[in-house]
Amino acid sequence: MALFQIAEPGESQIKEACAGRAVGIDLGTTNSLVATVRDGTPTVLPDEEQRALLPSVVHYGDVRVVVGQEAQALAAEHPRTTISSVKRFMGRSERDVEAVRSLTPYELAPASPDGRVVRFEVGHGRKVTPIEVSAEILRVLRERAEEQLGGPLDGAVITVPAYFDDAQRQATKDAGRLAGLEVLRLLNEPTAAALAYGLDKGSQGTYAVYDLGGGTFDISILKLIDGVFEVKSTGGDSALGGDDFDRAIAGRVLDEMGAAREPGIVRRALDAARAARERLTCDAETELAIGKHKRKLGREELEALIRPIIERTGGPCRRALKDAGIGPGGVDGVVLVGGATRTPLVRAYVEQIFGKQPLGDIDPDKVVALGAAVQADILAGTGRDDVLLLDVIPLSLGIETMGGVVEKIIPRNSTIPAGASQEFTTYADKQTGFDIHVVQGERDSVEHCRSLARFVLKGIPPMAAGMAKVKITFMVDADGILQVMAHEETSGVEAKVDVKPSYGLTDEEVERMLLESYEHADEDMRSRLLATERVEAQRILTATAAAMREDATLLDEPTRTAMDAAIAELEARTAGEDHRAIHDAVLALDEAARPFAEARMNRSIERAVRGKRVEELEV
Amino acid sequence: MGSPSSSKFAILGVPETFDLDPEELERRYRERSREVHPDRFARAPVADRVKALSEATALNDAFKVLKSPVRRAEHLLELRGQPLGDKEPVPQSFLMKILELREALEDAQAAKDEAEVARLETAMRARFDAALRRVGQLFASGGTSEAIKKELIDLRYFQRFLDEVTGEEAA
């Protein structure tokens, strides 16, 4: 489905119809925001009570799902059915979270044998994935934006931590789709922040973006020249943030109280800790209360508790500077992002590392959403086009070779889109299958890297060991999402491969959840869905016709016949009222076009990259 | 293996020479990125997006190769039809010398003798830079591919040594 993977579902070419309704969304661990560009100025869209921040909290009630402040209010009373900081679970497998199971207040569904995506049990036998929980948050933001902008959105840019791996990015994109958003692009949060600052100031130079949010820490070094933002390096820790400050404080207080770690109490202690910490940004001393237990907390004690956590950001900062090939003095400015950077000790530590007082004149809670809105505006074709982002992949991508050793195919900090291919060969005589294990990470041994996908290249003609030439190609698109292809060259036989994401949801699952969510919605939704499907069908028909004209030589007769039939079917169904029938016909056309799409993809890859060297691979 | 190499200099629109101005290279890269980056085609027809993706990928690859003097030199040899193979013959004495130095490095690293590690790194950096200068002179004076290859093979070993110092994988 290469042809249509590039064309994301739901994308519309009719931009005039809904120009100016592109939004940027900061899907944060603690809070989420939506922003748009109005009259050339990025603005955060508040709710009807003028609150910009939507707490990233979802409560699953008996009759309905509530999101935001309302859900937050229910968290202490219903700790198991109220999910907060869900971002920490994005793209995580059951195995990944097994270690922290006892530390979360949530009821996690028992691990399944295939070690799939983690699920929360939210009462009444319901199990929800982090993707579904995130989609609830995104849906509220989408509705907020649609109400204020007066109609369906043109598309959205959703931000992710630069350090998010492929599975986490894919999960975020899936959540966007599930919430009915057309995801124009995933944007790294630090890049978004720099975009917000860069445009305001029109500055040139090298910038560090220090982003300490609720649950993640990111550091990025960016170069800004002639309107081109180039990400020189990124680093961070996807499990470090302001939440850890709260946990440190709450841990101490709970120990003093001799309290058992029950979900309700833990939640209350964490909330009290956060409130006290926020007060200490301005005050020297505050009172912290959990139920009847009260105690004083001074800034000095707070700083002693959180200093070790803050110092864990130093290593990634120094590594990012080194990767970018500059010393601390080579940075022209430091941008602060994330609520936790309001903490005076964090600011002092940043100044110590970079030798510069950090910039902070844009609200660190809003700066990412504002930058995302700018990028959405650019991508929607309505904004300025004098700015361009050149992003890099945060972690190396490779495959497992002999003895569990990782062979890197695309090294970290490569500018995207990036592509590379490498040739491998069979090690046994008459070997007809080839196992490919795709991993992400910096370590040499496979068990220290993250497993992204496994697939088998089948149908290699039997030949002597070392004769087959298996070419494995990695392509990372502008969202940082990976596609892997493999084919055997000597025989000229194109073997079919299936990439099964280990942690993300399959397309079918996302479609199913999408449909389920729509089934519970009202008629408006149904007609919107029908309209969306019609637009999508029209887009696919137009794109397919153009591709068939342009690359007629790549079309064999059986494929052409199958595609013609599928096109006729889709045209007929588009006239009808059944959005699912249209959808099925789109999928059928997609399927019929698959050989053609693959031929096109392979040819463009052939042009883009060439094999590097032949390596032995044990399978 | 692979398709016949096309010029990465042409992709960037810079002169096909070893002696590239790094600033000019970066400037051209930014200009070309503006033209072909997929963000420019976010809402364009599928065919245009496929094209942008493959062009931008090729551009990023070309920039990465030309930015590195060693890889730039290797690419120039490829364009001459004299690519550097993976298993080029290396004199035994040279291998022995490198082996000795790597052992010294491992010992110093194991003993956490940072001064010794730094000394070994500085010495190797000097060898590396000298070899690179010779490559530049050879290209400028019309030296043979064989002579350039010899230097590049040495550089490979020097590079691997330096990667060992920083604990980085060779890119």
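## Chain A

Chain A contains 17 helices and 27 strands. The model is a predicted one. Of the 619 residues in chain A, 58% are buried. Among the contacts in chain A with a separation of 6 or more, 67% are between residues 24 or more positions apart. The accessible surface of chain A is about 24,600 Å², and carbon and sulfur atoms account for 50% of this area.

## Chain B

Chain B has 7 helices and 0 strands, so that its elements read α-α-α-α-α-α-α from the N terminus on. Its 171 residues include 44% that are buried. For contacts in chain B with a separation of 6 or more, the share from residues 24 or more positions apart is 66%. Chain B exposes about 8,900 Å², with 52% supplied by carbon and sulfur atoms.

## Helix 2 of chain B

Helix 2 of chain B covers residues 22–36, which is 15 residues. From the first C-alpha to the last, helix 2 reaches 21 Å, close to the 21 Å expected at 1.5 Å a residue.

The buried residues of this helix are L25(B), R28(B), Y29(B), R30(B), R32(B), S33(B) and V36(B). In an α-helix there are 3.6 residues a turn, so residues three or four places apart point the same way. The buried residues of helix 2 pack against elements of both chains: strand 13 (217–225), strand 14 (228–237) and strand 18 (388–390) of chain A, and helix 1 (8–12) and helix 3 (46–67) of chain B.

## H37(B)

H37(B) is located in the loop between helix 2 and helix 3 of chain B. With a relative accessible area of 3%, H37(B) counts as buried, because the cut-off for burial is under 20%.

Apart from neighbours within four places in sequence, H37(B) is in contact with R185(A), L388(A), L389(A), L390(A), I416(A), P417(A) and A478(A) of chain A, and with A56(B) of chain B.

## Cavities

Rolling a probe the size of a water molecule over the atoms shows where empty space is left. Searching the whole structure gives 9 cavities of 30 Å³ or more. The second largest cavity holds about 50 Å³ of space.

The lining of the second largest cavity consists of F164(A), D165(A), D166(A), R169(A), I393(A), P394(A), L395(A), L397(A), Q440(A), V476(A), G480(A) and L482(A). By class, this lining has 7 nonpolar, 2 polar and 3 charged residues.

Notes:
Residues numbered from 1 in each chain as written. Chains lettered and ligands numbered in written order. Predicted model: local features only at pLDDT ≥ 70, side-chain atom pairs only at ≥ 80, totals over all residues. Heavy atoms only, no water. 1 Å grid on protein atoms, 1.4 Å probe; cavity = no way out; pocket = protein on both sides within 12 Å on 5 of 7 lines; lining within 4 Å. Points joined across faces, edges and corners; volume = space filled by probe spheres on them. Nonpolar A, V, L, I, M, F, W, Y, C, P; charged D, E, K, R; others polar. Helix = DSSP H or I, 4+ residues; strand = E, 2+ residues; numbered from the N terminus. Buried < 20%, exposed > 50% of the residue type's maximum accessible area, 1.4 Å probe, protein only. Contact = heavy atoms within 4.5 Å. Areas by Shrake-Rupley, 256 points an atom, 1.4 Å probe, with all protein chains shown as cover. Expected span 1.5 Å × (residues − 1).
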